[in-house]
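Thanks for making the time this morning.

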Amino acid sequence: MGHAWRPLAVAFAFILLILIVRIFVVPSDFMAKNGDYKYQWHRVSNEKDWKDFPVGYRGREFCGQCHPDKLEAINKSKHRKVECENCHVLPEAKKSTHPVNLQKSYKYKFIIGINKTRHLCLRCHQKLPYRPSVYRNFAKPVEFKMQDGEKHNPGMPCITCHDVHKASFK
Amino acid sequence: MNRRDLLKAGLVAVAGMVIPLNALEVFDDEAKAAVKAAIEMVPKKRRWAFVVDTRKCVGCGMCVKACKMENEVPFDADVSRTWVERYVVLKDGDVLIDSPKEARYGYTKNDPMGREIKEDEIAKGFFVPKLCNQCEKPSCVQVCPVGATYKTEDGVVLVDRTWCIGCGYCIMNCPYQARFFHPVYNTAEKCTFCYHRITKGMKPACVQACAFGVRKIGMLNDPNSEVFQIVMNERVMVLKPETGNEPNVFYIGLDKIVR
């Protein structure tokens, strides 16, 4: 074999090696779906991986199974569009105080608790000059209740006077 | 050439012509059917689309909290699949745009960009929720060197975490800054329209968490869906149309200062 052919043989061997490794490394369902190499060139089973991702937020019906009284109260109130989990999921809590172990019994992902801080209420109800003053998610628009957190009984938890589930005074 | 030779040569020639004709007959009935099915399958494009009514948004940030919890993006990390921006225009012409902590704690103070602003200085202001636009022509997908990000048949752009090498091209190439590195997996991460929920008939976590009816999701080509009705009948706009990405997230009440 001539000296010019030897490196060429090495190059071919290298290409062959890559092709062999490829058989083992690339998943068998890696393909261009519908022949679309531009946008659908992927491992097809990954679509199922995303579909199987566990659901976290369950909605008010899930909570209502054990708390029908609370569900009924809030469904009658002006807070009826607010999901239980908006307020009761505690992102920074380490341990649940919920009497039933939801993680074990329902594979529930979050830690449930009661957040009594003013900040939680002020997320929606703090008066801001650019916050919409009319609530438009009911059949008839209503005036949106806003308070200045620095002037309206500062330091006191809102729930001292207000019942959140009734969206009115206690 | 005598008659015998002519007949011999003639037979060989005919036989030789027949064999290639048979060999070329690839398109038997089954093959034809498969091709036909593929042509018919070219989908009547099913498209998930999203409508954001910015006029109703109060900036409570419950959508951001819900999204971070649902999709297991660490709550303390300063990245999020969806976020809410605050736009404040002052009477002297200044525009203040911010999104502190992606609004995961909501807006409870009048302090755009950390500045104390008096109420009578403000000309106008509003909140704009943002998320991945699930573009029709996603520029993030085109640049992926390994095929780790792709568009599903119903128009949602997803990332394959097992296949992503973390090069970050897609993060740089998204004109909406909707992508980021997941702090745990160290792969590209983005909004999936809660693909695990919409494929089960549920609404995305942010849509469910919004008490103000800002966020809506539906099939863009289903005449019965609310999204179809809004896109067809109301004045909607997309973000940065000049990029040619053709977003599937439509906004009501956008202003020219929104970027």
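This is a predicted model: local features need pLDDT of at least 70, side-chain atom pairs count only at pLDDT 80 or more; totals for chains, interfaces and linings use all residues.

Chain B has eight helices and 11 strands, and of its 259 residues, 53% are buried. If we take the contacts in chain B with a separation of 6 or more, 63% of them are between residues 24 or more positions apart.

Let me now go to the sheet. Four strands of chain B form an open sheet in the order β9-β1-β11-β10, and the pairing in this sheet is mixed. As a reminder, strands of a sheet pair through backbone hydrogen bonds, and they can do so either parallel or antiparallel. Which strands stand at the edges? They are β9, residues 215-219, and β10, residues 236-237, and because each has a single partner strand, one side of each is left without a neighbour in the sheet.

Is β1(B) buried or exposed? Six of its six residues are buried, so the strand is largely enclosed by the rest of the structure. The side chains divide by direction, with B:Trp48, B:Phe50 and B:Val52 pointing one way, while B:Ala49, B:Val51 and B:Asp53 point the other way. You will notice that B:Asp53 is listed among these buried residues. Lying across the sheet strands β1, β9, β10 and β11 of chain B is helix α8, residues 226-233, which runs at about 100° to β9(B).

Next come the two loop residues. B:Glu246 sits in the loop between β10 and β11 of chain B, and it has a positive phi of about 55° although it is not a glycine. Its relative accessibility is 38%, so B:Glu246 counts as partly exposed. In chain A, A:Lys107 also has a positive phi of about 55° without being a glycine. A:Lys107 lies in the loop between α6 and α7 of chain A, and because its relative accessibility is 69%, it counts as exposed.

That loop leads us to helix α7 of chain A, residues 118-125. The buried residues of α7(A) are A:Arg118, A:Leu120, A:Leu122, A:Arg123 and A:Cys124. What covers these buried residues? The cover includes α5 of chain A, residues 84-88, together with α3 of chain B, residues 62-70.

Finally, the second largest pocket holds about 700 Å³ of space. There are 26 residues in its lining, and the closest to the pocket centre are A:Gln126, A:Leu128, B:Thr108, B:Lys109 and B:Asn110. By type, the lining of this pocket divides into nine nonpolar, seven polar and 10 charged residues.

I will stop there and take your comments.

Notes:
Residues are numbered from 1 along each chain as its sequence is written. Chains are lettered from A and ligands numbered from 1 in the order in which they are written. Side-chain values use heavy atoms; hydrogens and water are left out. On a 1 Å grid over the protein atoms alone, a cavity is a set of points where a 1.4 Å probe fits but cannot get out, and a pocket is an open set with protein on both sides within 12 Å along at least five of seven lines; lining residues have an atom within 4 Å of a point. Grid points are joined across faces, edges and corners, and a volume is the space filled by probe spheres set on the points. Ala, Val, Leu, Ile, Met, Phe, Trp, Tyr, Cys and Pro count as nonpolar, Asp, Glu, Lys and Arg as charged, and the others, Gly among them, as polar. Two strands pair if DSSP finds at least two bridges between them. Contact means heavy atoms within 4.5 Å. Axes are lines fitted to C-alpha atoms, for helices over the stretch in contact, and angles run from 0 to 180 degrees between N-to-C directions. Buried means under 20% relative accessible area, exposed over 50%, partly exposed in between (1.4 Å probe, protein chains only).
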